[in-house]
Each structure stands twice: as structure tokens, then as C-alpha cells.
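Here is a short report on one protein structure.

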Amino acid sequence: MNAKKLNRSMIPNEPPPERILQIGEGNFLRGFIDWQIDILNEQNGLDAGVVVARPIDTDYPPSLNIQDGLYNTFLRGYDEQGNLHNEQRLITAVTREISIYKEYEEFLAIARNPAIRFIVSNTTEAGIAFNKKDGFNDTPPGEFPAKLTRFLYERFCAFGGTHESGFILIPCELIDYNGRELKRIVLQYADIWQLDDEFRNWIDTANTFCSTLVDRIVTGYPKNEAEELTEKLGYEDDFMVAGEYFHLFVIQAPEGVEQELKIAGSGLNIEIVADLKPYKDRKVAILNGCHTALM
């Protein structure tokens, strides 16, 4: 089958303005975060485009740019009422992908875009780490928090450290209180790089580091069904993502974040809470209970 490759000329709407930096291009973020952003754009008027920054030095898989950031999600499973869902969605929220290693100056230029408000990430649980060998002048530094610290300093300098120029950061790495740990390491880099006290204060007061709990199985490219799905779609999609219908996104954040994300009435299973602990304890109890039952 010689189907046309998915691209922006095939859809009527223009991409939304870039307001979100996403560090990580993997299946989970595309089948979880970007899927939710796409729904919030469509249903609640979030109007936020996602620029994806690839944090590792690799060309595999190819850049999302070959499909103008477009791809489909295929989600299957039962809801709380026992109804079976088989949902396909064309994700249009991603505007482009850049490589931090090959386009480092463009990465820093994003920090100077006043419209960017949110930073999301998933660099694996090992990604939120400190390495004393990382240097401020590296292009780029190695660890994700070092790259982020340099990005934040670019923002700080570009806008004179105003409170309004701060970000809402929503890491999705699978470690306890990921936002708190990410902030701690950013401040550690600020110390060893001997950055201004004003910058440290801006990090602490103008930026919101949210901790999160995420739950969805994203299996990735549906290789065994690709030919059938391509025929159904009428075009080739090299970045289609399959996953389960169930999802849960718990964000530990202050008042105001829910309004900025325009979550109310979306139907998404997103909870903005004061403390993740009850949700984490519940998830661990359910998982441990299932494991015990299977033994």
C-alpha cells in the first residue's frame, strides 16, 4: 500500500502557539501528556503548542518533524462503568522537535520566548541526577537538570528575573516527589556554577516545581497492527502510539495551576492536590495487593 505520509497539509487547523517545552520525545509523553494537552486545547481552549526537545544525542527514532509533529494515539480498555473503549485521536498539539545536542542555541532561544509557560519532562527515572563534571559552558551539559539549569538561567537573564517570567515545571520521571528533587538539583548546579543569588531567589520564588504521579500503560508503536491501521487511516503514520484507556495524572501544585491548565470540565482524570502521599500509598497498596494475589 502506497499511502501518503501524514503531514500538516492534510488537516485544516494551524498549530497552536508554542507555550509548552517538553523535554523528552518518547512514547509515554506522546501517549500521556501530549494526548491530554491535545484534549485541553480542543475542549477547554488551552491553546498551547508543544515544542519537543530531544535530550539525548541520537537520531533514532527519526525526528517528529518528518510528520510536522503529527501522530495518532490508539487507546483501548474499560472505563469505571465497565464500558469498552477503542479510541483513536490525531494529536495536533506538537509543533516541532529540536535536538538539544544539535540545536543547542535554538534550545536556549526557546527560553527567550515570553509565551513559554510550562515545562514537562520524562527523561527516565535516572534522568533527574547530578554530575559535578557538568559545566555551565558545556554545549550542552550532560545531565537533564544541568541542561534545565542553563535554560532557566537564559530565561532569568532575558527577562531580568521578573516574577512573571517564571515557569510551571511538571516532571513525570518515576521517582518520589520528582519536582522537589529536580528543584534541589537545579539549585545544586546554581551553587557549583556560582550563579547569582538573585537567580537562586528567582528559581525559588518565581518558578513552580510540581511533583507528579502518573499512571498509564503506553505500549508504543503497534507493530502488529500497523498495516491494518494504515489502511484505516488512509495515510502512513510512523509515530502512532498505542496504550491503555485508563489514565491518572496527579499533580502536587499550588492554587492557580488548575486554572492555568484549564482542567475543569475536561473529563480527564487529572487531580491537582496539596500532597501526593495518599495517592502514592493507594497505588502501592493496589500493586502490592495484586502481586500478593498472583503469588
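The report below starts with the basis of the model.

## Basis

This is a predicted model: local features need pLDDT of at least 70, side-chain atom pairs count only at pLDDT 80 or more, and totals for chains, interfaces and linings use all residues. Numbering runs from 1 along each chain as its sequence is written, and side-chain values use heavy atoms, without hydrogens and water.

## Helix packing

Helix α4 (residues 144-158) packs on helix α6 (residues 197-206) at about 100°, with axes 11 Å apart. That makes α4 roughly perpendicular to α6 (65 to 115 degrees). Helices are DSSP runs of H or I, at least four residues, and strands are E runs of at least two. Axes are lines fitted to C-alpha atoms over the stretch in contact, and angles run from 0 to 180 degrees between N-to-C directions.

Thr149, Leu152, Tyr153, Arg155 and Phe156 in α4 meet Glu198, Phe199, Trp202 and Ile203 in α6 (contact: heavy atoms within 4.5 Å).

## Cysteines

The disulfide count is zero (cut-off: a pair of cysteine sulfur atoms within 2.5 Å). For Cys172, the nearest cysteine sulfur is that of Cys210, 10 Å away. Cys172 counts as buried at 1% relative accessibility, and Cys210 at 0%. Buried means under 20% relative accessible area, with a 1.4 Å probe and protein chains only.

## Nonpolar core

The largest nonpolar core has 37 residues. Such a core is a set of buried Ala, Val, Leu, Ile, Met, Phe, Trp, Tyr and Cys residues joined through side-chain atoms within 4.5 Å. Ile33, Ile170 and Phe249 have the most contacts inside it. α2 gives the most to this core, with five residues.

Notes: Angles under 35 degrees count as roughly parallel, over 145 as roughly antiparallel, 65 to 115 as roughly perpendicular and the rest as oblique. Buried means under 20% relative accessible area, exposed over 50%, partly exposed in between (1.4 Å probe, protein chains only).
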